[in-house]
Amino acid sequence: MTDPKPPKHLPSSAASAEPVRQSPARRLARFYETFTPAALPGLDQLYAPDARFKDPFNEVAGTAAIRRIFAHMFATTEAPRFEVTDCIEQGEQAMLGWAFHFALRGRPLVVRGVTHLRFDADGRVVLHRDYWDAAEELYEKLPLIGAPLRWLRRRMSAE
């Protein structure tokens, strides 16, 4: 008789009684994939008190300011959710590829980007930098300003 294999989503060492410790990047990815407004206080356990956050619209420091950004996201978008598509880790830093699914006025949208993360010795985020193209991923999809931006993109293209 052979031992049963562990579930596919767990490393083979998970079959032992010893719990497997997730890397800080994978723990953060899991948090964002299940993120809800009720989970906002959990950011304090994942981010250092003086963590810096930057995206195309915001640049803040401190967990209270970071919480405000995500509270605003929940208040201004419909059904927001993150899907982490890639996780590349190297030492105290990581890159997460992601798709942000949400709706505005009933219209479903997806924004794709990457996040550069740096962690402290305790595995908490000290730097969270989101990279995504606001023009391509958001503005071009909006009714009034989308058409001129798409025209400009075609005009500037070498194709």
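The model is predicted: local features require pLDDT of at least 70 and side-chain atom pairs count only at pLDDT 80 or more, whereas totals for chains, interfaces and linings use all residues. Residues are numbered from 1 along each chain as its sequence is written, and side-chain values use heavy atoms, with hydrogens and water left out.

**Aromatic pairs**

The whole structure contains 12 aromatic pairs, a pair being two rings of Phe, Tyr or Trp (its six-membered ring) with centres within 6.5 Å; planes under 30 degrees apart are called stacked, those over 60 edge-to-face and the rest tilted. Y32 and F35 form an edge-to-face pair, with 5.3 Å from centre to centre and 85° between the planes. F35 also pairs with F74: the ring centres are 5.1 Å apart and the planes stand at 70°, so this pair is edge-to-face. Because F35 lies in the loop between α1 and α2 (43-46) and F74 in helix α3, the pair ties together parts that are 39 residues apart in sequence. Helices (H or I, at least four residues) and strands (E, at least two) are DSSP runs, numbered from the N terminus.

F35 is buried at 7% relative accessibility, and F74 is buried at 15%. Here buried means under 20% relative accessible area, exposed over 50% and partly exposed in between (1.4 Å probe, protein chains only). Y32 is buried as well. One aromatic cluster includes Y32, F35 and F74, together with F31, F53, F70, F82, W98, F100 and F102.

**Salt bridges**

The count comes to 6 salt bridges, each defined as a side-chain nitrogen of Lys or Arg within 4 Å of a carboxyl oxygen of Asp or Glu.

K54 is partly exposed at 26%, while E59 is exposed at 60%. R124 is partly exposed at 26%, D122 is exposed at 57%, and D120 is partly exposed at 22%. Shared partners join D120, D122 and R124 into one network of salt bridges.

**Lining of the largest pocket**

The lining of the largest pocket divides into 18 nonpolar, 6 polar and 2 charged residues. In this division Ala, Val, Leu, Ile, Met, Phe, Trp, Tyr, Cys and Pro count as nonpolar, Asp, Glu, Lys and Arg as charged, and the others, Gly among them, as polar.
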